[in-house]
Each structure stands twice: as C-alpha cells, then as structure tokens.
Amino acid sequence: MTTAKQRHTNDFLVGITVIVATVAIVAGILWLKQSDLSGRTGDVVARTRDVGGASLGNPVMIRGVRAGTIKSIALGDKGWVVLHLTIDHKIRLPADPVVLLTASSLFGEWQATITESTGVPPDRELRAALAKARTRRDTLPGAVMPDIAQLTSVAGRLAGDVAKVTERVQVAFDDQAAKEIRQSIRHFAELSKVLSSTVTEQSRNLTQISGDVRTGLRTVNEAAARLNRFSGRADSATSNRELQQIVTNAQQASKDLVTAMTSLREAADGLGRTESRVASAMARSDSVLAKINSGRGSLGLMVNDPHLYQQSDSLLMDLRALVADVKKNPKRYINIRVF
Amino acid sequence: MALVSDHVPTTASNEAATPSGATPSALELLVTRLGANTRGMFVAVGQGARFVADVFRATADLPGWRGEFTTQARILGVDSLPIGIFIAIFTGIVLALLASYSVGDIVPPYFVGTLVQTTVTLELAPVLTGLALAGRVGANIAAELGTMRVTEQVDALETLTYDPMSYLVVPRVWASTLMFPVVVGVAMIVGLFAGWVASLLLLDITTPQFLKGVRLFFVEFDVRYGLVKSASFGAAVAMIGCRAGLSAGGGAQGVGRSATRAVVISAVMILVLDAFWALVWLTGRTIR
C-alpha cells in the first residue's frame with residue numbers, strides 16, 4: 001500500500017511527465033509543420049487542371065525563395081483543381097502572378113512557383129493552359145510544368161529523330177559529295193579573297209565620302225552659328241522695343257488696310273447698284289429707241305419722216321432769220337407804249 | 001471472482017480411455033488428440049478474451065483502482081523514460097549513419113533527415129521502445145503479480161473483499177496504456193534530435209539540410225500513428241504481464257516462468273500489433 005505522501009509524489013511526477021511530453025510533442029509537430037500561430041500568413045487561391053505530383057506541405061517559391069506552403073488541394077467545379085497556398089502576408093506577389101507546379105528534384109519533390117506571367121517559359125502548351133485557367137476573380141491561374149519523366153520521353157523522341165537524320169546524312173554524304181564540298185570550300189576561299197579586296201577599295205571610297213560629309217557638316221555648323229548670331233540680334237532687337245514698334249505699326253497698317261478694304265467693298269456695292277440703274281436706263285432707252293425706230297410718237301415720226309425733218313429744218317432757218325431780224329429791228333416787233 | 005487459470009485439460013491422459021472402458025483404436029486416439037488440442041487453443045483465446053472483458057468490467061470500479069493508478073504510471077512510465085531515451089539516442093545516431101551509408105551519393109544529403117524522421121516516428125521509436133518496455137514492464141508486472149499469487153497475497157486480497165482485477169490489474173493496464181505513448185513520444189523527439197546531432201557531427205550535413213529533409217515528407221499522421229500504436233503496445237504488454245503473473249504457480253520457478261512467458265508473448269504481440277496497425281492504417285495510403 002502506498003502512503004499519502006508517496007501518492008502525492010507519484011501524482012506530481014506522472015503529471016509533470018505527461019505535461020512535458022505532451023507539450024514537447026505538440027510543439028515539435030507545430031515546428032516541423034511550420035504552423036502559423038501568430039497569424040502572419042494569408043491564403044492565395046490558384047486553380048489548375050492538374051497538380052502533377054504536388055501535395056500538401058510542398059513549398060511555395062517566389063523568385064527562388066521559400067515563401068509558404070501548399071495548404072490544401074481540392075477538386076473544384078468544371079474539372080478544375082483548387083489550391084490554397086499559405087504565404088506570409090508581408091510578401092508582395094509579382095505583377096500579374098501565375099502559379100507553376102514543378103518537380104523540384106528527381107526524387108519526387110514538387111513545389112509551387114509564383115511568378116510573373118511574362119516569366120513563364122516559352123512553351124505554347126503551358127501558356128495555353130495558363131490562359132485557360134485565368135479567371136476574373138482573385139484566383140491565380142496555374143499549370144503543371146512537365147516533369148523529368150515527360151522531358152525524358154520527349155528527349156528520347158528527339159534522340160530518335162536525330163539518329164534518323166544522321167543516318168540519312170550518312171547515306172547522302174558519299175565520296176563524290178565530299179569532293180564537291182571540298183571544291184565548294186575552295187571556291188568560297190577565292191570568293192572571300194575577292195570580297196576582301198572589294199571591301200578594302202570600298203572602304204577607301206567610304207573614307208573619302210566620310211571626309212565630304214565632315215566638310216558638309218562643318219558648313220552646316222557654320223550656318224547654324226550664323227543663325228545663332230541672327231537669333232541673338234533678333235533677341236537684342238526685341239529687348240530694344242524696335243521690333244515691338246514695328247509690330248505696332250504693322251498692326252496699325254493692317255487696321256487701315258481693313259478700313260480701306262471695307263470702303264472699297266462699299267464702293268463696289270455702290271457701283272453694283274449704279275450698274276443696275278444704268279442697265280435699267282439702257283433698257284428704257286432701248287424701248288424708246290425702238291419706238292422711235294418704229295416711227296411711233298412725235299420723235300419717231302420726225303426721225304423716220306424726212307419731209308418732216310426738212311420742214312423742221314426750214315422752220316428752224318426761218319426762226320433763226322426771224323431772231324436775227326428781231327435783233328436788228330426790235331422796234332418792228334416790239335412796240336412799247338406807256339399810256 | 002474467477003481469476004484466470006492456465007490449467008487446460010489436454011491430450012492423452014484424460015482421453016486414453018473411452019467412457020465405455022474399451023481400448024480406443026489408433027485412429028480414434030488421433031482424432032481425439034486433435035480435438036483436444038483444438039479445444040485447448042480456443043480455451044486459451046477464450047480465456048484471454050474473458051480476461052480483457054474482465055479488465056473493462058473492472059474499470060468501472062473507479063475507487064478500487066484510482067489510488068494505485070499514479071503509482072503504476074510512475075513505475076511503468078516515468079521510471080521507464082531513461083531506457084526509452086537511451087534507446088532513442090542510439091537509434092537516431094545509427095539511423096543517420098545507416099541512411100548516409102545506404103543512399104550515399106545517390107540522393108541529396110537532406111534525405112538523411114527524411115529517413116530519420118520517417119523511420120523513427122513511424123516504426124523504430126514505437127517498436128523498439130515497446131520491445132524494451134515489454135522486457136521491463138512485462139517482466140515487472142508478471143513477477144510482482146506472480147509473487148503475490150504464489151505467496152497467496154492475491155487470495156488474501158480476495159478475502160479482504162478487494163477485487164484483484166480492479167486493484168491489481170486495471171491500474172497497471174491503464175497506466176501502461178497511457179504512459180507508453182508518453183515514453184514513445186519522448187523517444188521520437190530524442191531520436192530525431194540524436195539523428196540531427198549525428199548528421200551535424202559525423203556527416204557532412206548542415207542543419208538547414210537536415211531540417212529540409214525532416215520537413216519534406218513530415219505529416220502529422222506519422223506521429224498520431226506511432227502514438228496510437230504504442231498505446232496498444234502498452235495495453236497488450238500490461239495485460240499479458242498481469243495474466244501471466246496471476247496464473248503463476250509452483251513457487252519461485254513458476255514466477256520466473258510466468259515472467260519469461262510474459263516477456264516473450266509481449267514481444268510477439270508487439271510485432272503482431274505492429275503488423276495489424278500497418279495493415280489497418282497504412283494499406284492503400286501513401287506518404288503524400
């Protein structure tokens with residue numbers, strides 16, 4: 001039988017052992033899982049058609065630095081897989097981020113890399129997969145990069161193709177072909193010699209041309225200097241108010257010119273009116289002359305009847321003789337009597 | 001209270017003659033022996049099952065075993081910590097060296113951390129500690145109860161209306177079931193730490209590399225699996241030790257035999273349970 005004191009000691013020892021072991025195990029698990037106890041992390045959601053070999057707890061890398069872990073992987077709607085990535089909320093994501101799931105070694109390790117969309121390898125299928133996974137919401141597009149097995153398979157296929165090509169080349173490359181290639185190389189050497197001498201000659205010409213161009217440039221430089229000086233003068237003229245006076249005068253002249261133009265326009269308008277009046281008078285004269293020509297009216301009769309003209313002429317002559325006689329002998333015609 | 005007894009009527013002595021007194025034929029003798037052996041086998045299983053059922057039944061008698069629980073928890077658990085830690089230290093060191101030796105240049109060095117973490121957590125800490133405690137705890141319980149049995153202390157307790165199951169067996173079984181995971185949990189931490197130190201001092205592996213390997217495939221399930229397994233080991237070792245001790249007979253020799261039997265059966269049962277848990281929990285499950 002155990003005494004009360006022994007029992008108390010036993011209770012204490014067992015209790016402290018259980019507490020220490022439990023705390024150590026829980027702390028160890030949290031430490032190994034890199035759990036976030038202080039709430040320093042935030043979630044980033046990505047969607048992809050496939051996750052390859054990625055699994056929970058795999059690292060999330062940004063520019064090659066570990067930034068978090070894959071927190072969950074779940075099947076979403078319409079055949080998508082939704083990944084929740086836990087990353088430190090202080091970390092700023094790249095512009096236009098995408099998630100690439102890649103094998104990080106040959107031993108089954110995978111990682112999720114968050115990178116800019118412009119940093120995605122130039123793989124047509126990969127880019128197409130990312131474009132399909134893109135959505136308007138806050139979900140990042142994701143895609144799986146081919147792992148080493150797929151790459152090896154492609155490399156194997158390429159190696160087969162290369163082997164075939166090599167075989168064909170071997171068939172085509174007989175002694176005759178070798179002789180022709182040797183001859184071609186010789187011709188090419190001669191050609192390159194000719195080309196070299198041509199280049200030397202053209203280089204000399206080019207030197208001459210460049211000298212001319214230099215001279216031309218010098219002239220242009222001088223002209224520019226002159227223009228500069230002229231500008232300087234213009235500047236000084238501006239500073240002495242002479243140019244301002246000229247501009248003022250020009251403004252006054254322009255105003256006068258506008259006034260003259262206005263007067264001229266008015267005169268032209270008056271001329272137009274006069275012209276219309278003359279036209280009207282001419283029309284009326286035409287009508288009068290037509291009547292005269294047609295012998296209508298007194299004037300028409302007088303113009304068209306020669307007899308009447310002669311009589312009028314004779315009358316006029318008589319009248320003129322009468323006037324002369326009156327001047328000569330006024331008393332004969334004018335007899336004034338007073339009473 | 002019908003306590004366990006290993007006396008199983010067997011074989012030829014009782015079945016040599018037929019009820020009618022006529023000498024049996026050779027064939028009849030063979031069939032009779034086969035039947036007796038089969039019955040004996042089932043009797044052992046039945047008695048074991050009844051013992052387990054009695055433990056659960058006696059658990060209801062809380063005042064009967066509560067006073068002894070912490071005493072047994074200290075003896076079976078706290079006092080077993082040094083041996084658990086000792087085993088874990090050397091397990092961790094050896095594992096790190098073995099991992100480095102086995103995979104060498106084939107895989108990156110951080111896989112040493114992965115191997116140490118996985119093997120210590122899933123298998124070696126529970127099983128090696130379980131086997132060591134089977135020797136210590138199983139033999140302790142069997143010898144103690146066996147001595148009480150052969151010196152008729154158990155009979156005395158019954159005379160004093162103490163229930164030996166609730167007073168002797170239940171506190172040992174529950175103390176062992178609870179304290180085995182504690183010792184194994186500490187062994188896991190120590191084993192991992194020992195592997196880390198060994199990798200730093202004996203191998204060309206840095207701390208970040210080792211930690212990367214440890215974290216690479218670490219899942220909480222590994223620890224849960226190891227602790228649950230060790231709890232089942234603790235229950236099995238205590239029950240086997242109690243049953244072997246209470247069924248002891250024949251003086252000091254009988255006590256020695258029961259202690260030996262307890263250790264052997266406990267060790268075998270630990271391996272059987274290890275396989276059982278692997279089949280139940282690991283079949284169809286990958287580390288991912």
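This is a predicted model: local features need pLDDT of at least 70, side-chain atom pairs count only at pLDDT 80 or more; totals for chains, interfaces and linings use all residues.
Residues are numbered from 1 along each chain as its sequence is written, and chains are lettered from A and ligands numbered from 1 in the order in which they are written. Chain B has 10 helices and zero strands; helices (H or I, at least four residues) and strands (E, at least two) are DSSP runs numbered from the N terminus.

**Chain B overall**
- From the N terminus on, the elements read α-α-α-α-α-α-α-α-α-α.
- Chain B has 288 residues, and 45% of them count as buried. Buried takes 20 or more other C-beta atoms within 10 Å of a residue's own, exposed 12 or fewer, and partly exposed lies in between, with C-beta atoms placed from the backbone.
- Of the contacts in chain B between residues at least 6 apart in sequence, 89% join residues at least 24 apart. Two residues are in contact if their C-beta atoms, placed from the backbone, lie within 7 Å.

**Helix α5**
- α5(B) covers residues 111–150, and its 40 residues should span 58 Å at 1.5 Å a residue, which agrees with the 54 Å between its end C-alpha atoms. The expected span is 1.5 Å times one less than the number of residues.
- At Val120(B), the helix bends by about 55 degrees, the bend being the angle between axes fitted to the seven residues ending there and the seven starting there.
- α5(B) is mostly covered, with 31 of its 40 residues buried.
- After α5(B) comes Glu152(B), which has a positive phi, near 60 degrees.

**Where α2 meets α7**
- The axes of α2(B) (residues 26–59) and α7(B) come within 9 Å and cross at roughly 100 degrees. Axes are lines fitted to C-alpha atoms, for helices over the stretch in contact, with angles from 0 to 180 degrees between N-to-C directions.
- The two helices are therefore roughly perpendicular, a term for angles of 65 to 115 degrees.
- Residues making this contact include Asp54(B) and Val55(B) of α2(B), and Met165(B) and Ser166(B) of α7(B).

**Contact with chain A**
- Chain B gives 21 residues to the contact and chain A gives 20.
- On the chain B side, α3 (62–76), α7 (164–202), α8 (207–216) and α9 (220–246) each supply at least two residues.
- The largest share of that side, five residues, comes from α3(B).

How values were computed:
Angles under 35 degrees count as roughly parallel, over 145 as roughly antiparallel, 65 to 115 as roughly perpendicular and the rest as oblique.
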